[in-house]
Amino acid sequence: MGIVNGLWLVVLGVLGAASLIIARRPDAKDAIAKLAPYQGWIGAISALWGVWGVISSVLNIGWMTTFPIYWFTFLADSLLSVALGLLLGVGVLKTFIKDATAQAKMDQTIAKLAPFQGTMGLVAIGVGVWMILASILFAAG
């Protein structure tokens, strides 16, 4: 987990909640616009990394008894990475997925997730900030 994953999740959250952020802070538009050209690749990498994280959290479910906050943070990070990664990286992912059935399934998943993109983006920012703070606080102790 750590600072790098936290920063990555914050960036992913900012891209996911870009319209909500710009509506409240119009001055943020330029900064977000600098990330926009890379949104597809950031999303695709996040989706794949998130799938690996979900698998890892299931394989390490024993952490729930000894490190429950860490485990839930790890799972939240992974699930948000998968969901936002799919939403932001669907164009890039479709270039690698040639099966029409798989593309149709991806479109259905995107249609279900799309209404929650802004909310997931804000939650991702919060979880990312928590991951950064927790890494700093618990590494010092």
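Asn5 is buried, at a relative accessible area of 18%; buried means under 20% relative accessible area, exposed over 50%, and partly exposed in between (1.4 Å probe, protein chains only). Asn5 sits in helix α1. Helices (H or I, at least four residues) and strands (E, at least two) are DSSP runs, numbered from the N terminus. The model is predicted: local features need pLDDT of at least 70, side-chain atom pairs count only at pLDDT 80 or more, and totals for chains, interfaces and linings use all residues. Residues are numbered from 1 along each chain as its sequence is written, and side-chain values use heavy atoms, with hydrogens and water left out.

- Asn5 touches Trp49, Asp77 and Met131, not counting residues up to four places away in sequence. Contact means heavy atoms within 4.5 Å.
- Leu12 also belongs to helix α1, which spans residues 2-16.
- Leu12 counts as buried, because its relative accessibility is 0%.
- Beyond its neighbours within four places in sequence, Leu12 is in contact with Ile42, Ser46, Leu80, Ser81, Leu84, Gly85 and Leu88.
- Leu12 and Trp52 stand 40 residues apart in sequence and 17 Å apart in space, C-alpha to C-alpha.

**Overall fold**

- The chain has eight helices and zero strands. Along the sequence, the pattern reads α-α-α-α-α-α-α-α.
- The radius of gyration is 16 Å, close to the 14 Å that the globule rule gives for 141 residues, so the chain is as compact as a globular protein of that length. The radius is taken over C-alpha atoms, and the globule rule is 2.2 Å times the number of residues to the power 0.38.
- Taken along the principal axes, the C-alpha atoms fill a box of roughly 45 × 40 × 20 Å.
- Of the 141 residues in the chain, 40% are buried.
- Take the contacts between residues at least 6 apart in sequence: 77% of them join residues at least 24 apart.
- The accessible surface of the chain is about 8400 Å², and 73% of that belongs to carbon and sulfur atoms. Accessible areas come from the Shrake-Rupley method with a 1.4 Å probe; for residues, only the protein chains shown count as cover.

**Aromatic pairs**

- A pair of aromatic rings is described by the distance of the centres and the angle of the planes.
- Rings of Phe, Tyr and Trp (its six-membered ring) pair if their centres lie within 6.5 Å; planes under 30 degrees apart count as stacked, over 60 as edge-to-face and the rest as tilted.
- The structure holds six aromatic pairs. One of them joins Trp63 and Phe74, a tilted pair at 5.9 Å centre to centre with 40 degrees between the planes.
- This pair links distant parts of the chain: Trp63 is in helix α5 (residues 63-66) and Phe74 in helix α6 (residues 68-96), eleven residues apart.
- Trp63 is partly exposed at a relative accessible area of 27%, whereas Phe74 counts as buried at 13% relative accessibility.
- Trp130 and Phe138 form an edge-to-face pair: 6.4 Å centre to centre, 80 degrees between the planes.
- Trp130 counts as partly exposed at 33% relative accessibility. Phe138 counts as exposed at 61% relative accessibility.
- Ring pairs also link Trp63, Tyr70 and Phe74 into a cluster.

**Nonpolar surface patch**

- Ile69, Val129, Trp130, Leu133, Leu137 and Phe138 form a nonpolar patch on the surface, with about 620 Å² of accessible area together.
- Patches are made of residues with over 30% relative accessible area and no salt bridge: like charges are joined within 9 Å, nonpolar side chains (Val, Leu, Ile, Met, Phe, Trp, Tyr) within 5 Å.
- Helix α8 (residues 117-140) supplies the largest share of the patch, five residues. Phe138 is placed in helix α8.

**Salt bridges**

- Side chains of opposite charge can pair when their charged atoms come close.
- A salt bridge is a side-chain nitrogen of Lys or Arg within 4 Å of a carboxyl oxygen of Asp or Glu. By this rule there are two salt bridges.
- Asp27 and Arg25 meet in a salt bridge through their side chains (2.8 Å, N to O).
- The side chains of Lys94 and Asp107 form a salt bridge at 2.4 Å, N to O. Lys94 lies in helix α6 and Asp107 in helix α7 (residues 100-113), so the pair ties together parts that are 13 residues apart in sequence.
- Lys94 counts as partly exposed at 26% relative accessibility, and Asp107 counts as partly exposed at 36%.
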